[in-house]
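Subject: Model for your files, with notes

Hello,

Please find the model below, with the sequence. My notes come after it.

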Amino acid sequence: MPARKRPRGRGPVRRRLLPRPRVLLGTLLLTVFVAVLVVQAYINAEFTGDHVESEVGDNATVPADVLTGGPVLNTTGGQESTSRMPPKTIALTFDDGPDPVWTPRVLDVLKENDAHGTFFVVGSEVSRHPALAKRITDEGNELGLHTFTHANLQIIAPWRRTLELSQTQVAIARATGVHTNLARFPYSSKNEAIDDENWKIIKDAGRQGYLVVVNDTDSQDWQRPGVDQIVRNATPPGETSAVILFHDAGGDRQQTLDSLRRFIPAMKARGYQFTTVTEGLNRTIEQSNAAAAPGAKPVPKLPENPAAATSDVWRGSAVIWTVRVADGLVWVIAILFLVVGALTIGRTALLLLLATRHTRQRRKDTWSWGPPVTEPVSVIVPAYNEKEGIEAAVQSLAGGDYPHIEVVVVDDGSTDGTAALVEQMRLPNVRVVRVPNGGKSNALNTGIALARHDLIVTVDGDTIFEPDSITKLVQPFADPSVGAIAGNVKVGNREKMVAAWQHIEYVIGFNLDRRLYEVLGIMPTVPGAIGAFRREALAQVGGISDETLAEDTDVTMAMLRQGWKVVYAEDAKAWTEAPATLEQLYRQRYRWSYGTMQAMWKHRRALFDKGPSGRFGRVGLPFLALFGVALPMLAPVVDIMLVYGLVFWELEETVVAWLGMLTLQLFTAAVAFRFDRESLKPLWRLPLQQFAYRQLMYLVLMQSATTALTGGRLRWHKLHRAGLGTRVSTVPPPPQPAVAPVLDTWPSTLGQTRVETHPAAGRAMARPAVPTQTARDRYDPEDLPSAGSPPGGGSGPVYTG
């Protein structure tokens, strides 16, 4: 088939940082969280600009009869009139409820004194406590609108004003089955306080069919001035009627209750009657109709608690469920925030305690693994298209100070002349083995099979060792129970910001963790960049597997299950080239995370095993699941609560809390850098890391978990390498590379049967080499291996704060 030509007129095809499904997943999750938080902030009245009391302005357009009239304002049907309660009649009104603590107590006091009241309720609270709203109407009281979020209607948009009233109306309809014609605006008071702006809003409410209720007398109980003062404030002058303002929510209302117990009997003793606003208006209408001229058309009475329309009930269901879902999700987020905080602090304390213990032990003058280890070592270097760094890597390995080193470079079907570059170096202790492209596990197993010695060191093709790295790496083998050793991976290209962030991550999240893991005996990963193994231990677990994308984590877990010790040699350093772009970083970490999850799932039976395997299952797997998977996946709630706090809560407290978390991180980082004898200068980048790098890791973990749960398959991705500042020779690839001799599987399985319950059951063996390989047999370069698992194990470090 002829190659497809690129359409003319287009520039170079640019790849997205993240493929479309990943963008959609992240966008969807972000949208859901933002929507929930915005809804929650709205219903909790946390848009602070909506709740500022405004000053009274000019009232030139307000009719004089309104300014001096009664507390019930009627602008329906274009009229402009006011009404009062009948003589010696009091309408008790209560604002800001329903409150689950104080509203029931207010209702009890009214019932004890055979009195009714009018409750101007906040719609969001009705949505939260519909049964309480129903009790209000069932006991003969009535409801009025006090907006949905207690917003100042003068400073919000007209569409919001309508929404504030309509949402409260439908919430009442769903909760109680009734409709109300009464409304009271937050921050309103008496007739004389109505200014031009308020008058416009009152007339607009009239066009929607609402009577607007202010008050004759304000008890000022919200100030809690004492029972005596509240009673004095509420008492109308002489024997005049009154609409009196109280509150049944918004704080401690014990003084309100005590005042009502004194006020109602006292006013009844003076001949007053207590009614709802609508009942009082109907009595006024009766008196007006009785006094009207003969033949005049009577004014109809207002219905008390009329039935709500079915459409309002259905709309109210949607409003109430929206509030419940938003409340529930925010509670979940808040609980998760506390869980993340507790886990982070606990993990940090455990990390600092055990890592400090490990470091102090190693730095004692008396510390020793045993007699010096000088046995011959075979270094296996799996390499695919590593021309940028292979020469420096091989030179650092072959030229080390260890007395007996054999370097086996396994060229895994490279197309860039990697093998030829090594061959032309003509180093006496270096062998090159060419195999058809088969993946990193196959290359490692081939190299191990061809290695001459029993101590095996595995190295990535882009890694540079220090002269004494191998010497220091293999010393723990003096302890015969040690089966594998993890070295100290360092980032070599730390000049750019992305790589510098990874340098911080390696020191804090990987190297400090390895000290903790060794003390607990659960080291989950010997990194592919620098690790050492006993051949006996490798043979016992069946070699390097290709069943997961984290072959180094997989084989390390298998060794732990067999009872081998896996330790950390912090002085054995290897310098690697970290991904220099966010795209490369994403691909690498995505595979790390997914591969680690695969390995944990593969070894899940350890949870129920006995002996060493059971110990790893009881301690190692739960620890990794909790701190390596669950905690990093929950960590985004810290950022969510930070943004929520900055926008909707107290700014100062939020900033202080965030700075506290950052200080904890900086302290941990300083300890880790001190243990690793690193300069503290790079830590100035740590605060910046909180606003870009960490969020990328969230996406990595979420997609990894999604891939794992859906059973998707993840391909290998070859990272682009620029080399750690080394010279690159120009050698064309050989026309037909030689291949390794045909091998039996390693370790040998001739005459053996597979035991599916063995920890290494199903593990991959070296594939027999073949003399030729066609183009269609080769993997796409994007599918080929880069570095193995996270150098420290797990799915990477935890970032919070």
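Predicted model: local features only at pLDDT ≥ 70, side-chain atom pairs only at ≥ 80, totals over all residues.

Residues are numbered from 1 along each chain as its sequence is written, and side-chain values use heavy atoms, with hydrogens and water left out.

Overall figures

The protein has 24 helices and 18 strands; helices (H or I, at least four residues) and strands (E, at least two) are DSSP runs, numbered from the N terminus. Of its 801 residues, 55% are buried, where buried means under 20% relative accessible area, exposed over 50% and partly exposed in between (1.4 Å probe, protein chains only). Among contacts (heavy atoms within 4.5 Å) with a separation of 6 or more, 83% are between residues 24 or more positions apart.

Strands β12 (residues 405-412) and β13 (residues 430-435) run parallel and are joined by six bridges; two strands pair if DSSP finds at least two bridges between them. D412 has V435 of β13 as its bridge partner. Between the two strands the chain passes through helix α13 (residues 418-425), and this β-α-β crossover is right-handed, meaning that with the strands pointing away from the viewer, the path from the first strand over the helix to the second runs clockwise.

How many residues of α13 are buried? Six of the eight are, so the helix is mostly covered. The buried ones are T418, A419, A420, L421, V422 and M425. Their cover includes β11 (377-383), α12 (390-398), β12 and β13. Just after α13, R426 has a positive phi of about 55°.

Nonpolar cores

A nonpolar core is a set of buried Ala, Val, Leu, Ile, Met, Phe, Trp, Tyr and Cys residues joined through side-chain atoms within 4.5 Å. The largest one has 66 residues, and I380, F533, L538, V555 and M559 have the most contacts inside it. Apart from it lies another core, of 53 residues, including A115, L153, A205 and A234. Leaving aside neighbours within four places in sequence, F533 of the largest core is in contact with D454, L455, I456, T458, F477, G483, A484, V526, L538, V555 and M559.

L107 in helix α3

L107 lies in helix α3 (residues 102-112) and is buried, at a relative accessible area of 1%. Not counting residues up to four places away in sequence, L107 touches F119, L132, R135, I136, E139 and N141.

Salt bridges

There are 36 salt bridges in the structure, each a side-chain nitrogen of Lys or Arg within 4 Å of a carboxyl oxygen of Asp or Glu.

One of them joins E197 and R161 at 3.5 Å, N to O. E197 is in helix α7 (residues 196-207) and R161 in helix α6 (residues 158-176), 36 residues apart. E197 is partly exposed, at 30% relative accessibility, whereas R161 is buried at 16%.

K490 pairs with D676, with the closest N and O atoms 2.6 Å apart. Because K490 lies in strand β16 (residues 482-491) and D676 in the loop between α22 (651-675) and α23 (686-689), this pair ties together parts 186 residues apart in sequence. Both K490 and D676 are buried.

E678 and R494 form another salt bridge, at 3.2 Å between the closest N and O atoms. E678 is in the loop between α22 and α23 and R494 in the loop between β16 and α16 (497-520), so this pair ties together parts 184 residues apart in sequence. E678 counts as buried, at 16% relative accessibility.

Which residues make up the salt-bridge network with K490 and D676? K490, R494, R515, D676 and E678 are linked in it. R515 is in helix α16 and is buried, with a relative accessible area of 2%. Beyond four places in sequence, the contacts of R515 are A355, H358, T359, Y568, E570, F675 and D676.

Regards
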